[in-house]
Amino acid sequence: MPIPSDIHELIEKYLAGAADTEEIRRLQSWYNSFDDSQAEIEASPGDNAGQLKDRIRHRLQQTITQEQNSLLPSGRSSRIRWMAAAAAALIPLIGITWYLLSPHPVVRPASTAPASQPVATDIRPGGDKAVLTLANGQTIVLDSAADGVIGQQGNMKIEKSQGGEVAYSTDTRTQDAQDARTFNVVTTPPGGQYRVTLSDGTRVWLNAASSIRFPVAFTGRDRYVEITGEVYFEVAKDPSATFRVRAAGAEMKVLGTSFNVNAYKDEPAVRTTLLEGKVAVSTYPASDDKPQQYLQPGEQSVLSRTGDIHIVEHADIEEVMAWRYGRFQFKSSDLQSVMRQIARWYDAEVVYTDQVSLHFTGQITRNTNVSKVLEQLTLTGEVHTRIEGKKIFISH
């Protein structure tokens with residue numbers, strides 16, 4: 001069943017943000033017009049409404065795949081990108097769109113697919129949660145603090161605004177040297193995220209289980225901060241003061257730019273991805289036999305735990321930045337990498353009861369309970385999951 005041309009046009013309008021209420025209703029109506037007689041995997045008599053909808057969704061995915069496979073070589077690249085975007089556009093309409101690939105994909109008839117197991121418990125998604133630690137050791141739980149001024153550090157006023165952000169500002173034009181020696185720390189727990197505006201105007205986004213240590217004010221020719229976990233920066237331009245980020249044996253030097261650093265301890269490397277500007281990446285402390293590497297926009301440095309650096313010239317920016325826009329996004333990612341991201345966002349422990357070797361490609365909103373995410377991982381029957389309290393069990 002091909003996607004009608006008028007639906008293609010509606011999806012394009014939806015992607016451009018130009019669809020009105022009636023057009024969105026038509027798009028929803030088209031999706032809901034799939035019934036079980038159109039599904040290539042027929043429903044079982046015991047299927048509930050959710051299982052039936054999963055089968056219809058599977059048919060929709062097959063339709064998109066068939067259209068991709070029917071393309072001529074000359075038009076394949078741009079058309080596939082459009083279809084991927086179209087699938088992404090349908091996410092808020094049908095709840096979740098998910099693609100699952102493995103090195104040896106297996107398609108099972110519905111009659112032999114294992115029955116879904118009821119979820120004993122569920123885990124809610126993360127949110128805006130963080131703790132601010134002042135220089136004297138005092139802690140402020142930012143998610144429960146009232147909006148407005150929440151503290152003072154020297155000449156610096158600390159304010160919390162609506163929407164999960166804390167900012168440092170001063171009414172004076174001069175920076176106090178003591179403020180430059182006064183350090184604060186913002187830490188997000190597993191299942192948390194937060195935003196910080198530093199005193200120089202640099203904006204910082206922290207992913208789950210991350211932290212940033214920074215001076216209350218910057219003085220001199222360098223602006224140093226230290227991070228753990230994953231942090232995205234939009235650095236305020238100041239040609240007279242280099243901005244330096246230190247993380248897990250790496251140092252990044254910039255003047256004014258946008259970049260993402262993934263430095264989780266349980267990841268095999270520190271990855272720095274440049275969106276705009278220019279970044280120099282080196283080991284920290286510096287080593288003569290491992291010179292710094294320069295990144296151009298769209299490139300990614302990969303610093304191994306042994307200190308070796310190599311450059312990925314065409315990084316997948318959408319995959320890297322998905323967390324910033326409230327999504328999980330994977331492209332041929334191994335199951336363990338997928339589950340590490342899920343575990344951090346849902347503050348869960350993952351337990352493998354079998355060895356499972358699969359790779360996934362797909363995207364899903366982070367604003368949903370973990371059971372909804374896990375349901376999509378199990379659609380082919382190649383992965384099975386079970387939730388018990390804050391533990392997620394994975395089996396083949």
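Where is the place of R344? R344 sits in helix 8, where helices (H or I, at least four residues) and strands (E, at least two) are DSSP runs numbered from the N terminus. The model is predicted, so local features need pLDDT of at least 70 and side-chain atom pairs count only at pLDDT 80 or more, while totals for chains, interfaces and linings use all residues. Residues are numbered from 1 along each chain as its sequence is written, and side-chain values use heavy atoms, with hydrogens and water left out.

R344 is buried, with a relative accessible area of 11%; buried means under 20% relative accessible area, exposed over 50% and partly exposed in between (1.4 Å probe, protein chains only). Not counting residues up to four places away in sequence, R344 touches P190, G191, A208, Y264, D266 and E267, a contact being heavy atoms within 4.5 Å.

Helix 8 (335-346) also gives two or more residues to the lining of the second largest pocket. About 710 Å³ of space lies in that pocket. A pocket is found on a 1 Å grid over the protein atoms alone, as an open set of points where a 1.4 Å probe fits, with protein on both sides within 12 Å along at least five of seven lines; lining residues have an atom within 4 Å of a point. Grid points are joined across faces, edges and corners, and the volume is the space filled by probe spheres set on the points. The lining has 33 residues, of which N262, R271, E319, S337 and Q341 lie nearest the centre. Strand 21 gives the most to this lining, with 8 residues. The table gives the lining by class, with Ala, Val, Leu, Ile, Met, Phe, Trp, Tyr, Cys and Pro as nonpolar, Asp, Glu, Lys and Arg as charged, and the others, Gly among them, as polar.

| Class | Lining of the second largest pocket |
|---|---|
| Nonpolar | 11 residues |
| Polar | 11 residues |

V261 has T272 of strand 16 as its bridge partner. In strand 19, the bridge partner of T272 is S301, and strand 16 pairs with strand 19 in the antiparallel sense over 5 bridges.

F259 touches T272 as well, and its other contacts include V231, V245 and M252.

How values were computed:
Pairing = 2+ DSSP bridges.
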